[in-house]
Amino acid sequence: MNRSIPVDDRTGHRTVPETHRRAERLATNRYGNRPTMKDVAARAGVGLKTVSRVVNGEPGVTTETERRVQEAIDALGFRRNDSARVLRKGSTASIGLVLEDLADPFYGPLSRAVEEVARAHGALLINGSSAEDPQREQELVLALCARRVDGLVVIPAGDDHRYLEPELQAGVATVFVDRPAGHIDADVVVSDNYGGARDGVAHLIAHGHRRIGFIGDMPRIHTAAERLRGYRAALEDAGITVEDSWMSLGVTDPERVRRATEEMLAGPSPVTAVFAGNNRVTVTVIRVLAEHRRPVALVGFDDIELADLLQPGVTVVAQDAAALGRTAAERLFRQLDGTLLAPERIELPTRLITRGSGELPPTD
């Protein structure tokens with residue numbers, strides 16, 4: 001039975017209902033929704049092994065044959081089935097990156113550096129956030145392992161990583177970054193948190209400060225504990241007795257940090273300087289100090305965006321997040337290449353950047 005195609009009387013153009021268009025697409029695509037290597041071989045007029053060689057970049061194919069196969073691939077929209085490749089070769093050419101918080105600016109350059117190293121090795125990067133939750137970290141790590149990633153770069157939220165032992169024994173390369181693993185031997189790349197904090201507080205002491213507050217992250221976090229240790233060491237080196245009221249550790253949400261800062265600035269003997277334990281703390285402290293009636297010196301651990309444009313500019317102890325990520329990723333691929341033996345701890349230096357806020361003298 002012939003069915004007429006409707007014609008638009010105003011334009012003279014044929015109009016085809018969407019149901020007709022869908023039927024036409026299905027009719028013209030005799031290969032289905034996902035073309036196979038057999039389909040490519042049939043279109044190019046070559047054997048299946050030849051297509052496999054072209055797809056996988058293997059030698060043994062003439063330039064003309066490779067051109068025909070590639071034209072067939074392009075025409076059909078063929079994509080290699082990496083799941084089948086995993087079954088054959090036992091590797092996925094992918095690595096996982098577990099961060100603390102994808103929204104934290106510190107992790108942007110770190111993640112980018114890991115991705116660049118992975119790309120240079122022909123690997124895909126899959127990342128996710130633990131949200132500083134040890135249970136979520138474990139679930140995410142094991143989910144990546146279940147998807148057969150070849151290796152992991154982990155910024156740990158927890159302090160017990162024995163759950164990873166079966167994966168390590170199975171050959172999953174793993175490097176921890178920013179913080180060490182707990183209860184297992186594994187490669188780790190960290191900044192000199194202790195030395196950086198010690199240098200930052202010593203800088204405040206050199207400018208005449210004797211009452212210096214420390215506001216940091218939760219004490220169970222390795223970086224927070226190391227920075228607190230550096231803070232205490234600098235004061236003790238200068239013969240200054242540390243007061244409990246000068247120290248506040250906890251979650252880094254603005255409300256908690258604001259309250260801690262205001263308490264340190266109040267009372268008969270307020271602090272004259274603040275050492276902020278990370279970038280999120282620094283931002284909130286800057287807001288509080290902007291509302292304060294007298295100048296208070298500030299040094300922050302981690303650089304922050306626009307720190308040089310504020311008045312005064314913010315003095316910081318800067319760590320190289322990109323170098324952390326790059327070093328960890330390069331270490332990971334050396335594991336995968338089989339060129340590493342025993343796990344190592346690699347510590348990268350920090351750098352004190354003076355911009356003005358850390359050079360303010362005490363006002364009393």
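Visitor: Which residues form one aromatic cluster here?

Guide: Phe 214, Tyr 231 and Phe 275 do. Keep in mind that this is a predicted model.

Visitor: How do I read a pair of aromatic rings?

Guide: You describe such a pair by two things, the distance of the centres and the angle of the planes. Now for this structure: searching the whole of it turns up three aromatic pairs. In one of them, Phe 106 and Tyr 107, the ring centres are 5.2 Å apart and the planes stand at 75°. Planes over 60 degrees apart count as edge-to-face, so that's what this pair is.

Visitor: Are Phe 106 and Tyr 107 buried or exposed?

Guide: Both Phe 106 and Tyr 107 are buried.

Visitor: What about Phe 214 and Phe 275, stacked or edge-to-face?

Guide: Stacked, because their planes are at 15°, and the cut-off for stacking is under 30 degrees. The centres of these two rings are 6.0 Å apart.

Visitor: Where do Phe 214 and Phe 275 lie?

Guide: Phe 214 is in strand E6, residues 212–216, while Phe 275 is in strand E8, residues 273–276. The pair therefore ties together parts that are 61 residues apart in sequence. Phe 214 has 0% relative accessibility, so it counts as buried. Phe 275 also counts as buried, at 0%.

Visitor: Okay, and which ring has the charged end of Arg 227 sitting over it?

Guide: That's the ring of Phe 301, with the charged end of Arg 227 at 3.9 Å from the ring's centre. You can look for Arg 229 too: it lies over the face of Tyr 194, 4.0 Å from the ring centre.

Conventions: Residues numbered from 1 in each chain as written. Predicted model: local features only at pLDDT ≥ 70, side-chain atom pairs only at ≥ 80, totals over all residues. Heavy atoms only, no water. Phe/Tyr/Trp six-rings, centres within 6.5 Å; stacked < 30°, edge-to-face > 60°. Buried < 20%, exposed > 50% of the residue type's maximum accessible area, 1.4 Å probe, protein only. Helix = DSSP H or I, 4+ residues; strand = E, 2+ residues; numbered from the N terminus. Lys NZ or Arg CZ within 6 Å of the ring centre and 35° of its normal.
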